[in-house]
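This report goes through one protein chain, from a single residue to the chain as a whole. Please keep the sequence and the structure in view while reading.

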Amino acid sequence: MNSVIANEVIWGQRPDEDAFMINIQIGTPYQVGDDPMEWACPVAVLPLYKKLHDAHGVSSLHALCLASSLALDVLQGFKEKGGVLFYSPGEDVPLESYAFGIAMKQVSR
């Protein structure tokens, strides 16, 4: 991954397993080739996925938002399979607190 511009460390635990550290990383968006309308942004959710495909968008902001969304989707999938996410014991990670803007307005409808 290129330069990490955002990083979050939380804990995860699957049923009947020990807790483990989860490192969410978002890299710097970059332009793909010579196309001014294709950008990509690296994303990692370790150790859940060793390599995720970079999120592609039509601008650097679009790619960055999609990379963040991908990380949250991976974490939501972990929870849907029975996993628990927390900052420290007893302090759950509320994934909905990471949503913003238009996404929040769509959910509240």
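## A buried glutamine

Gln 25 counts as buried because its relative accessibility is 17%, and the cut-off for buried is under 20%. The model in which this value was computed is a predicted one. Gln 25 is part of strand β2.

Which residues are in contact with Gln 25, leaving aside its neighbours within four places in sequence? They are Met 1, Val 4, Ala 6, Asn 7, Pro 42, Val 43, Ala 44 and Leu 46.

## The nonpolar core

In soluble globular proteins, nonpolar side chains tend to be buried together. In this chain, the largest nonpolar core consists of 20 residues. Those with the most contacts inside this core are Ile 10, Ile 22, Ile 24, Val 45, Leu 48, Leu 75 and Leu 85. Strand β2 (20-27), strand β5 (43-46) and helix α1 (60-80) each supply at least two residues of the core. Helix α1 gives the most, with six residues.

Not counting residues up to four places away in sequence, Ile 10 touches Phe 20, Met 21, Ile 22, Ile 24, Leu 75, Leu 85, Phe 86, Tyr 87 and Val 93.

Strand β4 covers residues 39-41 and is joined to β6 by three bridges, with the two strands running antiparallel. Cys 41 has Ala 55 of β6 standing opposite.

## The whole chain

The chain contains two helices and eight strands. Along the sequence they follow the pattern β-β-β-β-β-β-α-β-β-α. Taken along the principal axes, the box filled by the C-alpha atoms is roughly 50 × 35 × 20 Å.

Of the 109 residues, 28% count as buried. Among contacts between residues at least 6 apart in sequence, 39% join residues at least 24 apart.

## Surface and charge

The chain exposes about 7,000 Å², and carbon and sulfur atoms supply 57% of this area. How many positive and negative side chains does the chain have? There are 7 positive and 13 negative ones, and the centres of the two sets lie 4 Å apart.

Note on methods:
Residues numbered from 1 in each chain as written. Predicted model: local features only at pLDDT ≥ 70, side-chain atom pairs only at ≥ 80, totals over all residues. Heavy atoms only, no water. Helix = DSSP H or I, 4+ residues; strand = E, 2+ residues; numbered from the N terminus. Buried < 20%, exposed > 50% of the residue type's maximum accessible area, 1.4 Å probe, protein only. Contact = heavy atoms within 4.5 Å. Areas by Shrake-Rupley, 256 points an atom, 1.4 Å probe, with all protein chains shown as cover. Lys, Arg positive; Asp, Glu negative; His and termini not counted. Charge placed at Lys NZ, Arg CZ, Asp CG, Glu CD. Core = buried A, V, L, I, M, F, W, Y, C linked by side-chain atoms within 4.5 Å. Pairing = 2+ DSSP bridges.
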